[in-house]
Amino acid sequence: MNERSDLARRRVEERDWKPRNCVWELTLGCNLRCLHCGSRAGKVRPSELSTEECLDVVDQLARLGCELITLSGGEPTLRRDWDVIARAIADRGLYANLVTNGAFPSDRAAHAFAQRAIDAGLCNVGVSIDGPRPVHDRVRGVGAFARSIAAIEYLVDAGIPVTILTTVSRLTLPHLREIRQIAIDARARQWRLQLAKPMGAMEDHRDFVIAPTELLGLVPLLARLKKDGGIDLRVGDSIGYYGAPDKVLRGRGWRGRAECWQGCQAGMQAIGIEADGGVKGCLSLQARWDGRDPFVEGNVRESTLDEIWHRPGVFAFNRDFTTDALTGGCAACKHGSMCRGGARCVSAAFQGLLTENEYCFYRVQNEQAGHQAARAGGAAVAAAVLALSLTSGCSSRHSPPRRPGTDAAVTMDASSTGDAMVGQDANGADATVDAQEPVDASGDATVVADGSTQPDGAVDCSAVCCECEYGIIPPEIWDTCCAPDPCAGVCCECDYGAPPPPECCP
């Protein structure tokens with residue numbers, strides 16, 4: 001071992017970086033073609049790992065200190081050996097869970113899956129539900145809702161804890177209360193939500209992706225629903241960060257520790273494995289538009305996981321992070337040193353960069369409060385700054401952050417694999433959700449602008465409040481009156497994400 005490799009290994013060991021959470025794409029094959037699928041799943045990869053290779057990977061993960069493995073896809077149950085791999089995980093003392101669309105071809109197949117899940121030792125199964133029947137079937141295909149509900153029933157009857165997984169888009173946003181009730185009626189133990197990101201198949205449906213300002217209704221609403229009880233509501237790494245609602249949403253992890261958002265853990269506490277053996281810090285960090293993937297750090301067919309994990313220069317986007325790399329609103333944020341710009345998969349998908357996150361609740365809340373305070377005068381500015389400082393969640397002036405916990409009963413949707421699981425508030429205290437009324441998820445959300453038109457039918461933009469803190473502006477009015485510069489924040493030199501608009505990078 002040369003000196004550079006020795007130093008890299010010692011650094012990893014000193015910082016206690018271990019792939020404690022693994023999201024494993026068993027296959028890219030899938031029986032559905034969901035609108036929001038971040039993997040654009042459907043066909044298997046050209047050379048997916050064999051059963052023997054997968055069992056060897058399980059052994060390697062166990063030796064590296066992995067604790068929780070989420071079997072994902074594609075649709076992982078399309079592999080005939082999924083339960084053999086899951087049983088090997090459980091036999092080595094690791095937690096194994098699995099995410100599925102639940103769209104089995106018959107009741108007999110759903111019942112057989114539930115029995116195999118029991119025999120395989122799964123601690124949890126996540127099943128995707130993205131709305132009441134019409135919405136879910138629009139997202140995943142006609143008949144998918146009924147089949148998924150039937151699969152959940154068989155799992156619960158068999159004694160398997162079930163998590164309902166929901167991807168939040170403009171299709172699902174108006175129906176969150178209904179989905180929560182569906183999850184309760186289905187006897188699910190948890191309801192876990194994440195944002196639809198413009199990657200994979202969702203890149204073709206960007207009009208369904210919510211805007212950053214819609215977080216101001218979504219996040220407080222989720223906090224209120226969590227406080228209402230009835231089901232254990234959790235959020236993925238794409239939703240947050242800081243602020244009073246985050247104290248509610250990010251509770252204690254499965255180890256019983258109260259924690260707060262401490263930054264993306266890809267390549268430090270989390271690892272992703274692709275079906276053909278590719279190793280990434282997070283499976284939701286996507287390839288370039290030309291097909292090259294700068295986030296693949298190696299392949300288990302060419303190197304051991306131990307060699308890849310300890311190799312100099314791997315996962316540099318997180319391991320070599322420095323606060324001065326942050327840009328935009330994140331550069332000035334007091335939480336920057338701990339948050340590090342939120343989940344990398346979010347900023348990469350939405351902005352094509354890793355140095356700032358426009359889908360941060362705390363950031364959007366600050367910006368909106370600043371706009372309002374500026375209109376109200378200097379005294380309001382001081383009051384707004386003081387109010388935000390008192391509801392920021394957890395302090396960034398902690399000693400070096402503790403290793404985040406995971407929740408063995410929390411799973412991640414196969415359409416957005418890689419949301420590293422982290423905990424919550426540093427002192428575990430409950431918090432009062434913002435007094436402002438959030439958007440009503442029953443579908444009767446208040447629209448800030450009335451969309452009044454001129455006699456000739458043109459939208460009167462003078463009546464539209466683009467900076468208002470709450471409410472949803474209809475997309476057609478936003479596009480006409482409020483749409484930002486399409487070239488703002490575009491990175492012409494970045495080698496990942498969607499290709500930049502040609503007009504922005506001559």
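These legends describe close-up views of a predicted model.

Local features need pLDDT of at least 70, side-chain atom pairs count only at pLDDT 80 or more, and totals for chains, interfaces and linings use all residues. Residues are numbered from 1 along each chain as its sequence is written, and side-chain values use heavy atoms, with hydrogens and water left out.

**View 1. The largest nonpolar core.** This core holds 107 residues. A nonpolar core is a set of buried Ala, Val, Leu, Ile, Met, Phe, Trp, Tyr and Cys residues joined through side-chain atoms within 4.5 Å. Buried means under 20% relative accessible area, exposed over 50%, and partly exposed in between (1.4 Å probe, protein chains only). Which residues touch the most other members? They are Trp-24 and Leu-61. Helix α8 (residues 215-228) gives the largest share of this core, eight residues. Helices (H or I, at least four residues) and strands (E, at least two) are DSSP runs, numbered from the N terminus. Apart from this core lies another, of eight residues, including Cys-37, Ala-41, Ala-103 and Ala-201. In soluble globular proteins, nonpolar side chains tend to be buried together.

**View 2. The surroundings of Trp-24.** Contact means heavy atoms within 4.5 Å. Leaving out residues up to four places away in sequence, Trp-24 touches Leu-49, Cys-54, Val-57, Val-58, Leu-61 and Ile-69, among others. Its partners also include Thr-70, Leu-71, Ser-72, Ile-85 and Ile-273.

View 3. A salt bridge is a side-chain nitrogen of Lys or Arg within 4 Å of a carboxyl oxygen of Asp or Glu. The whole structure has 24 of them. Arg-10 pairs with Asp-6 at 3.6 Å, N to O. Both sit in helix α1 (residues 3-14), four residues apart, so about one helical turn separates them. Arg-10 is partly exposed, at 41% relative accessible area. Asp-6 is partly exposed too, at 30%. Arg-9 forms a salt bridge with Asp-306, with the closest N and O atoms 2.7 Å apart. This pair links distant parts of the chain: Arg-9 is in helix α1 and Asp-306 in helix α10 (residues 305-309), 297 residues apart.

**View 4. Arg-45 and Glu-274.** The closest N and O atoms of this salt bridge are 3.7 Å apart. Arg-45 lies in the loop between β1 (21-25) and α2 (51-64). Glu-274 lies in the loop between β8 (270-273) and β9 (278-280), so the pair ties together parts 229 residues apart in sequence. Is Glu-274 buried or exposed? Glu-274 is buried, at 9% relative accessible area. Salt bridges with shared partners join Glu-25, Arg-45, Glu-274, Lys-280 and Asp-293 into one network.
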